[in-house]
Every structure is written in structure tokens, then in C-alpha cells.
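Work through the exercises below with the structure open. Each task is followed by a solution in steps.

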Amino acid sequence: MSGTQMQSQASTDLGGDRMFVWGMLIILAFWSLFTVARSADPLMGAHAALFLGASVIGIFAMIAHRTSGYVAESDSYEMGVVKAGVFASVFWGIAGFLVGVIIAGQLAFPNLLYFPELPWTSFGRLRPLHTSAVIFAFGGNVLIATSFYVVQRTSRARLWGGLTPWFVFWGYNLFIVIAATGYLMGITQSKEYAEPEWYADLWLTIVWVAYLFVFLGTLLKRKEPHIYVANWFYLAFIVTIAMLHIVNNLAVPVSLTSSKSYSLFAGVQDALTQWWYGHNAVGFFLTAGFLAIMYYFIPKKAERPVYSYRLSIVHFWSLIFIYIWAGPHHLHYTALPEWAQTLGMTFSIMLWMPSWGGMINGLMTLSGAWDKLRTDPVLRMMVVSVAFYGMSTFEGPLMSIRAVNSLSHYTDWTIGHVHSGALGWVGYISFGALYCLVPWLWKRKELYSRQLVEWHFWISTLGILLYITSMWVSGIMQGMMWRAYNEFGFLEYSFVETVEAMNPYYIIRMLGGVLFLIGAFIMAYNLWRTARGDVREKEYVRDANIAAIPAE
């Protein structure tokens, strides 16, 4: 594409979406100013002030952009927003892992890390901060950054909307800041994975719809006739999360200047809606979106085609059809009708087939390139992530079976299961994507240090194993102690005795989290040095010399 064509395209894109961005910023500024002036709720006033500050900064940025005379770069892709997504992913990842270590320490050493005069440091406020930081802040930024990269490269088209991708990036991260500060202040609607209140949810809806339009718009103007399978998974993730978010967060606010709202649903309907959302947030945010990363980055890094493109299509359609029905298995032995519980259990067991089909497809993509696992720690990390995906998607359906669930539910076994998927699958495939993206985006031949990737891999793998095995042992022990009766028909153990028995495993869990956090710090340093253009030349010369030694 010529420079003149690029300038014309950039001008069209900027003109098409400038009004949308201006409109959103002005509306946000006026609402925030009105709320700051009229709200009797100090917590709402604090968040309105944050929104107001963000909107004013955005307006000044728009003015600066308009007067700068900026035109698009000569290449046909918008990679600036992807670079920003990489920075945000690393920052939020370390922040989320750090808070996770802190709350693990609170459970292991409650007397040392309890500060009643500082309510924002309590476990009840830090725990949702941790889950949202690692899932939505870290994971969400990884998904936005990689989807913007992949859809451009596989479509051979620049991102649709000149400013809208930047609006999506900054708007999403503004939502993260609002949600995180809300948790610390005690603003919550008490829904798992959906804690932010109505005004934050409304803002996220606007941002997410813009995200959908950017992604769809890029696909519509693609120069490649075929839509690559990774884009199907990204699209399923974006559309389904939009539907889940809107329905689960339907609520009536007390007033437009109050942070408090009441859910549209009540009783068992509210529980069913929440776990329809909660399980599919895992299914489409933490599974479908990251499967898209697998289907692009593993073949690209291995320099091999996807093992079976037909299997990837079967994987896609079966996964998205079955996953949406599995949520009721979270509500075994509750007031939910038993037929609905059984339906959720049945579809959960059926998920074994598409999940393992995807795992096999990812692993077999390395056919003919298995030797690269010895020399490429980034590829090894991504392959191990697929193994964790297979393990956690075997364990999940197993735990949905009512007889197994009677032992596992409400215990640390569930915590171990969640973190085998979160740390092993989501964490490792995200780290692999970041290790790939930084050299590609900053046009570096190699990472700063492949040896540091090795250290990251082995330290964090040990951390994951300590974490999940301690929680498996702790959880099964906990469930067995809860159901133990003495010869008189009374409970054998009190609740306090079960907590006391789990304490050593909580310490092991904390140590596992510390190791995982150390690995993330190593990655951040490695990526920073890579972006700067630094390379440990001696390391690569040594590796080349070793590789040149002929086999006996």
C-alpha cells in the first residue's frame, strides 16, 4: 500500500470514528461533573472524580492529536495499540500476582497480616481485587493486544477505526482502575467475577461494543478471503462475553448519583444467572480467547501448520455449543431443580471431547518439530500450557459429577483446579504470546536472553506444582473431615480443626505463589531489555557453538 493510500485510509478511519470518541468523552465528562456536584455518596463521588479526570485527559489528548498533523505510518498495520497492550499486560500481571501472594499470606499467617484499622487490606476486599486483576486486567489486556495483532496479520488489513482501538484500550483500562479502586473502597454487587457496580458495568458495555466493531470491521475489510480459525475463537469470546456481561449485570440503580444498585434477578434465578455467567466467563474469556492465542502463536513459533484444520473447526463449533449449557453444575445440592443440575453435569462431561480435541490439535502441531522443545523455552512454555489445558479440562468435568462434587464443592480442591487452569494454561500461553510479541513488535532478532526464559519456566513451573498439589491435598482432606462422623452420629471434627489441619498446605500454596511471581518479574526484565534492543551475545554464541557440535 502506497504512502498516499495509507494517508487516505488513515484520514477516512479517523474521520469515521472521531465523532464517536468525542461523543463518549463529552458525555462521560458531563455525567461525571454532575455526579461529583450532586452525589451524597462519597464513594460514588470518588469514582465520578476519576471518570472526570480520565475524560478531561482524553479530551486534551484528542485536541493534541488533532493539532499534531499525525498521519499513519508507512506500514499497513496499527501496532502502537498492541505495544501499549503488552505494557499493560505485564504491569497488571505483576500487580495481580502480587496481591495473590499477599492474600495467600493472609490465609497462612492471619495474625501477622490482619490490620483492622485498615479495612482496605482485609482479605474480603483484596481477594476480588486479585481475581479481577489476573483475569480481567492481565488476561483481558493480553486478549485485546493479541487479538488486535492476529486479526491484522491474518486479514492483511489495518485495524478498523483510527482512534477506536485506542478508545478500547484506554477505556478498558479505565474500567479496570474503577473496578480495582471500588473493591478497595468496598463497592461491590457481590457477584463472583462480576463485582463492579452498575456504572462501571455500563462503561464496560460501551467499550466492549466498540471492541466488537473494531474486530468485525477489520474482518470485513480483510484482503485474505479466508477467516483464520483464531479469529473465530476471538469473535466467539467477544460476542459471548458481551451477552453474558449484559444479562448477568442487569440491575436497577438506587439513583444516577449512587453507587448502589439492586439485581434484576432474585433467589434461585439470580444464582442460575450468576453461574451461567460465571462458568461461561471461564469458558469464553479464559478458554475460547486463549485458544485463539494457541491457534496462532504455537504454529507461528513452531513454524508448522495447524495439525488439522478440520479438527480446529469441529473443536470450535462443538466447544461454543456445549460450553454455554454447563453452568448449572456449580449449583449441585441447591434449590435449583435437579433436572437443571443434571443438564449442567451432562454437558460438562460432553466437554471432554472438544476440549481434548483442541489439546491434541495444539500438541500435534509440533509434529516434525519436537526437537525445538529442547532449544526454544518459549515454545516449551506454550506446549506445557496446552498440557495444563488438557489436565484442567479433564478435571473440571470430573468435578461436575454430582457424587464427586459432593466432596469437592466449597473445598480447596476447587481452588487447586481453578489455578491449574489459570496459572498453567492461561498464564503460560499468555507468557508465551508476550515473549513472541515483543521481538516482533520492536523488530528485534532475538529476546534479550533465552536463558532467563528457562529460569522463568522452571521457577514458575515449580510454583504451579507446589500450588495445585497443596490445594488438592488440602481440599480432599478438608472434604473428608467435613463428612466424618463418630460412633454417636456427630461430626468428628469441628470447622476450626479443619482450618488448623490445612495451615501447612496454605504455607506451601503461598510459597508456590511467590515462585510464580518471581518468574513474572524475570519475564518483565527480559521483555524490557528486549524492547530496548539489548541482547546477551555470549549466550547466543555459546548456544550456536553447542548446536554446531556433530552428534556421535
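A nonpolar core is a set of buried Ala, Val, Leu, Ile, Met, Phe, Trp, Tyr and Cys residues joined through side-chain atoms within 4.5 Å. Buried means under 20% relative accessible area, exposed over 50%, partly exposed in between (1.4 Å probe, protein chains only). This is a predicted model: local features need pLDDT of at least 70, side-chain atom pairs count only at pLDDT 80 or more, and totals for chains, interfaces and linings use all residues. Residues are numbered from 1 along each chain as its sequence is written, and side-chain values use heavy atoms, with hydrogens and water left out.

**Exercise 1. The core**

Task: Which residues of the largest nonpolar core touch the most other members?

Solution: 
- Take the 146 residues of this core. W208, F237, F285 and W425 touch the most other members.
- Helices (H or I, at least four residues) are DSSP runs, numbered from the N terminus.
- Next, list contacts of W425 (heavy atoms within 4.5 Å). Residues up to four places away in sequence are not counted; among the partners are L286, F290, M294, F388 and Y389.

**Exercise 2. Aromatic pairs**

Task: How many aromatic pairs does a search of the whole structure find, and what is the geometry of F97 with F138?

Solution: 
- Rings of Phe, Tyr and Trp (its six-membered ring) pair if their centres lie within 6.5 Å; planes under 30 degrees apart count as stacked, over 60 as edge-to-face and the rest as tilted.
- Search the whole structure: 45 aromatic pairs turn up.
- Take F97 and F138. Their ring centres are 5.6 Å apart and the planes stand at 65°, so the pair is edge-to-face.
- F97 belongs to helix α3 (residues 80-108) and F138 to helix α4 (residues 123-155), so the pair ties together parts that are 41 residues apart in sequence.
- Check accessibility: F97 and F138 are both buried.
- Ring pairs join F97, F138, F388, Y428, F431, F457, W458 and F516 in a cluster.

**Exercise 3. Charges over rings**

Task: Which rings lie under the charged end of K83 and under K260?

Solution: 
- Apply the test: NZ of Lys or CZ of Arg is within 6 Å of the ring centre and within 35 degrees of the ring normal.
- K83 has its charged end over the ring of W442, 5.1 Å from the centre.
- K260 lies over the face of Y262, 5.3 Å from the ring centre.

**Exercise 4. Salt bridges**

Task: Which residues does D534 pair with in salt bridges, and where do D376 and K301 lie?

Solution: 
- Define the bridge: a side-chain nitrogen of Lys or Arg within 4 Å of a carboxyl oxygen of Asp or Glu. The whole structure holds 10.
- Start with D376 and K301. Their closest N and O atoms are 3.7 Å apart. D376 lies in the loop between α12 (372-375) and α13 (377-400), and K301 in helix α8 (residues 267-302), so the pair ties together parts that are 75 residues apart in sequence.
- Compute accessibility. D376 is buried at 15%; K301 is partly exposed at 26%.
- Turn to D534. R529 meets D534 at 2.6 Å, N to O. R532 also bridges to D534, with closest N and O atoms 3.0 Å apart.
- R529 is buried at 18%, as is D534 at 17%. R532 is partly exposed at 48%.

How values were computed
Helix = DSSP H or I, 4+ residues; strand = E, 2+ residues; numbered from the N terminus. Contact = heavy atoms within 4.5 Å.
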